[in-house]
Every structure is written in structure tokens, then in C-alpha cells.
Amino acid sequence: MPTARQLEELLDLRSAPIAVTFQTAPPANIPRVASPGPSGCTYWKHAAEGRTFYTEAADHYNCPIGAYTHAVDLPPERAKELEGVVGTMIQLGYIRQEEVAGIPRRESKFAVAVYAPLAEAPMQPDVVLVRGNARQLMLLAEAAGAAGVGVDSMMGRPTCAAIPAVMRTQHSVTSLGCIGNRIYTELPDDEFYFALPGRHVQAVVDKLAMIMNANDALADYHRERRQAVPV
């Protein structure tokens with residue numbers, strides 16, 4: 001997908017953007033993930049490394065929080081684990097009881113999810129996830145705003161909730177990541193996420209070069225002004 005190459009090259013990304021797509025049945029000619037991961041966001045790492053695959057509901061049972069945000073129906077023993085994890089988070093003061101109901105969740109029942117590098121996405125993704133540093137994602141956020149799908153919110157935990165949030169609003173979301181995601185994906189301390197609605201990615205990339213040129217011109221203006229006006 002040329003759009004993905006443009007995005008990577010313009011922002012000089014260290015990690016490939018990934019595409020996440022939800023479908024009602026396994027896609028033809030795409031393999032199922034070889035084995036269930038310890039978390040849903042582990043599949044983000046696999047896709048960024050170049051793998052294209054799909055997951056079924058059972059492949060998300062190891063991640064009760066991710067299963068919740070993705071609308072995966074857990075078997076009874078796993079549902080109890082979700083209650084236990086949430087209870088522990090509340091006891092630790094990590095979240096408040098009243099926050100739980102507000103965690104974004106997909107509206108449709110989970111069937112399969114397809115993960116791929118954006119450059120090799122086999123179909124239009126529901127959500128595109130971009131990983132980068134503050135400057136890179138600043139530029140991307142400005143491009144999204146110029147394309148009319150600007151940032152609705154800045155999110156923290158759980159990181160996977162960014163996916164249903166974008167699907168619900170069709171606007172972009174910035175996620176600072178959470179400790180679980182940073183461990184499972186090996187996300188560097190200086191990076192976080194920008195999640196885009198898949199159907200608007202081309203429009204955002206079309207604005208990105210303009211935004212970058214504007215920032216370069218404005219940088220020169222602000223440097224000159226800093227020199228002219230003593231601090």
C-alpha cells in the first residue's frame with residue numbers, strides 16, 4: 001500500500017504502522033496466528049514485524065482486559081479472571097470503580113480480527129495504529145486535524161481501548177500506552193500511539209507533507225523571533 005510507505009518515509013518511523021480489521025469470518029488465504037499470545041496487543045508487535053494473520057476469540061482469552069475492549073465473550077473461568085484483574089486494579093488505585101463502565105468497547109460481537117503491516121493490509125482496515133515519538137505524532141495529529149479527523153481524546157489505560165474508541169467516533173485518538181502494552185510490545189519509553197480510522201488514512205497522509213512543510217517554515221520564523229526578542 002503506497003500510503004503506508006509515504007507515512008513511514010515522511011515521519012521516518014522506526015516501527016511499521018499496522019492495520020487492524022474485524023470480520024465476521026476467517027479471510028481466505030490468510031493464516032490464523034500460530035499460537036495465542038499473552039495479550040491482545042502482542043499481535044500488534046507481530047504485525048509490525050511483518051506478519052499478516054487473523055485471530056479468533058480463543059486467541060484473546062489470555063488477555064481479559066483486551067477481550068473486554070474487543071467484545072470477546074469469555075468462558076466462565078476467564079470471565080472470573082477479568083473480574084479479578086479489574087478488582088486488583090481498583091484496590092491498587094490504578095483505576096476507580098466508576099471508570100470501568102466508561103472503558104470503550106467494540107459494539108459488535110467478536111468473530112475474527114486481521115492484523116497486518118499497513119503496507120501489506122489485505123483489506124481496508126478499521127483502525128491503523130502508528131507508533132512514534134512526540135514530534136512524529138505531533139505532525140500526524142496536525143495532519144489528522146487538517147483532514148477533518150482530528151484527535152478526539154488522549155487516552156491512557158488500557159491501550160487497546162483506543163481501537164473501539166476510533167471505530168465508534170471515526171476520529172483519531174492518541175494513546176500514551178499502558179504498562180501492560182509497554183511490556184508486551186516492548187514499546188520504548190519515548191514512544192506512544194496514534195490510532196486512525198482506516199478509511200481516512202489516505203486523506204491524513206495527503207495532508208501530512210503540507211503540514212511538515214508548514215512546520216519547517218514556522219520553525220524558521222520562530223528561530224528568528226527568538227533571536228530578535230531576548231528571553
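**Val149 and the cores**

Author: Happy to! Val149 is buried, because its relative accessible area is 4% (buried is under 20%, exposed over 50%, partly exposed in between, with a 1.4 Å probe and protein chains only). This is a predicted model: local features need pLDDT of at least 70, side-chain atom pairs count only at pLDDT 80 or more, and totals for chains, interfaces and linings use all residues. Residues are numbered from 1 along each chain as its sequence is written, and side-chain values use heavy atoms, leaving out hydrogens and water.

Reader: Thanks! Where does Val149 lie?

Author: Val149 is in the loop between α6 (134–146) and β5 (151–155); helices (H or I, at least four residues) and strands (E, at least two) are DSSP runs, numbered from the N terminus.

Reader: And what does Val149 touch?

Author: Leaving aside residues up to four places away in sequence, Val149 touches Ala144, Gln170, His171, Ser172, His200 and Val204 (contact means heavy atoms within 4.5 Å).

Reader: Switching topic: which residues touch the most other members in the largest nonpolar core?

Author: Those are Val20, Trp44, Tyr115, Leu129 and Ile163, out of 28 residues. A nonpolar core is a set of buried Ala, Val, Leu, Ile, Met, Phe, Trp, Tyr and Cys residues joined through side-chain atoms within 4.5 Å.

Reader: Nice. Which element gives the largest share of this core?

Author: That is α7, with four residues. There is also a second, separate core of 25 residues, including Leu13 and Phe194.

Reader: Last one: is Ile179 buried or exposed?

Author: Ile179 is exposed, because its relative accessibility is 56%. Ile179 lies in helix α8 (residues 179–185).
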